[in-house]
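These are my notes from a pass through the model, entry by entry.

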Amino acid sequence: MADIWPVYEGREPTRGGPWASMSLNDAIELFELQPKDRVADYIHTPRFGSSDRDLSILGFKHIVVEVPPNEERPPDWPAGFYRSPVSPTDAFNRILRATLSAVLGEANLVRVEHVASTDSRGRNTFKVTVILGPTARPRISGDLSLAAAGRIQKALSKMGVEGSPILQYATEDELIHDDQ
Amino acid sequence: MTLLNPDHLIEQAEQLARPPANGAPRQADLRRAVSTTYYALFHAILVDVADQLAGRARRNSVEYSLAYRSVPHRQLANLCEELSKTTLGAKYRPFEPNGGFGADLLAVASALIDLQEKRHSADYDPLYRVTASDASLTVQAGRAALNHWRSVPRNRRRLFVLILTLL
């Protein structure tokens, strides 16, 4: 499996674990990787920016995909670290969308958005909003909605998010029009 | 004594989440739908707690009322978060049944975490906006969670209540 790392610039590129693990093929598609994006072999952890400074305060700057030697891969994809052209914020959304579309059905989703938040206990978390297609709502059962909540809880927990997320649904129409 | 019926709460939530005949849906209705859905699941669990601790035959007693009111929301959420982890904490591991707690109980745990957070926002956060789609899916998920709770084998529900109240 390929690990998806959010990476800081500076001395300490990562903290905690990867955001997600997936097959190399899925990672290539989701994060728009190309063989030329390889920035380091598997032995050397890549660092970006000034390596003598702690720049984590600036937030994640890169998405790096770690491809281990034992991962099944085409010949032009040697093991190592690949830097994705996708921004960390976009990558986060893509992981959330991939997580949710596996349960809710890709055809039912228009997009997935997230905002940083705190849960009822003050722990850091995210509010995740699924924008549904105009005819999608009747195709989603209570059990699917339940499964989606569970998947998001697990995915964010794996990313090191401590708090409980809120998963919300809306259509484009509902986002535009006022209620009372 | 007639206990609060979780199915009636879900039905009430469904009515609140239903689009009005005229005009836009009201936040007051949609928020109450979300909150009521949480309470449907919460009360379903409390009935099991009190039935086990005080006895089903003693539903009219003050002991039953005491047992019913013995579970704080956070304590319940803590246990549900623990059950949802890939690996149980050391304190809980000795009580894990062979083959785990089962899909139904894990679905309930996940729902409880989700619904409790939503309930908190719906009741207290002035910036929280519930859409009709969200309210309706939340209620449906709550009904599904209630069905999962009732599908949990009796011995697993008993174990859940024991861990919840005694550990």
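Entry 1: I am working from a predicted model. I looked up A:I63 and found it opposite A:S84 in β5(A). I then counted the bridges: five join β4(A) to strand β5 (residues 80-84) of chain A, and the two strands run antiparallel. I checked the pairing with strand β1 (residues 2-7) of chain A as well. Five bridges join β1 to β4(A), again with the strands antiparallel. In that pairing A:D3 stands opposite A:E66 of β4(A).

Next I asked how many residues of β4 (residues 62-67) of chain A are buried. The count is six of the six, so the strand is largely enclosed by the rest of the structure. I sorted the residues by face: A:H62, A:V64 and A:E66 lie on one side, A:I63, A:V65 and A:V67 on the other, and all are buried. Both faces of β4(A) are therefore noted as covered, given that a residue is buried when 20 or more other C-beta atoms lie within 10 Å of its own.

Entry 2: I noted a positive phi of about 55° at A:E32, which is not a glycine. I located A:E32 in the loop between α1 (24-30) and β3 (38-40) of chain A.

**Entry 3: domains of chain A.** I took the division of chain A as domain 1 (2-86) and domain 2 (89-176). Their centres, taken over C-alpha atoms, are 25 Å apart. Domain 1 gives nine residues to the contact and domain 2 gives seven. I classed the domain 1 side that touches domain 2: six nonpolar, three polar and no charged residues.

**Entry 4: the three-stranded sheet.** I traced an open sheet in chain A with the order β6-β7-β8 and mixed pairing. The edge strands are β6 (109-118) and β8 (166-171), each pairing on one side only. From one strand to the next the twist averages 20°. I counted six bridges between strand β7 (residues 124-132) of chain A and β8(A), which run parallel. Within this pair A:V130 stands opposite A:Y169 of β8(A). I also found α6(B) packed on the sheet, touching β7 and β8 of chain A, with its direction at about 130° to that of β8(A).

**Entry 5: a helix pair in chain B.** I followed α6 into its own chain. Helix α2 (residues 27-55) and helix α6 (residues 132-151) of chain B pack at an angle of about 10°, and their axes are 9 Å apart. I therefore record α2(B) and α6(B) as roughly parallel to each other. Among the contact residues are B:L30, B:V34, B:L41 and B:I45 of α2(B), and B:A135, B:V139, B:L146 and B:W149 of α6(B).

**Entry 6: chain B against chain A.** I counted 24 residues from chain B and 25 residues from chain A in the contact. Which elements of chain B give two or more residues to the side that touches chain A? They are α5 (103-124) and α6 of chain B. I classed this side of chain B as ten nonpolar, eight polar and six charged residues.

Key: Residues numbered from 1 in each chain as written. Chains lettered and ligands numbered in written order. Predicted model: local features only at pLDDT ≥ 70, side-chain atom pairs only at ≥ 80, totals over all residues. Helix = DSSP H or I, 4+ residues; strand = E, 2+ residues; numbered from the N terminus. Axes fitted to C-alpha atoms, helices over the stretch in contact; angles between N-to-C directions. Parallel < 35°, antiparallel > 145°, perpendicular 65-115°, else oblique. Contact = placed C-beta atoms within 7 Å. Buried ≥ 20, exposed ≤ 12 C-beta atoms within 10 Å, placed from the backbone. Pairing = 2+ DSSP bridges. Domains from an automatic or database assignment. Nonpolar A, V, L, I, M, F, W, Y, C, P; charged D, E, K, R; others polar.
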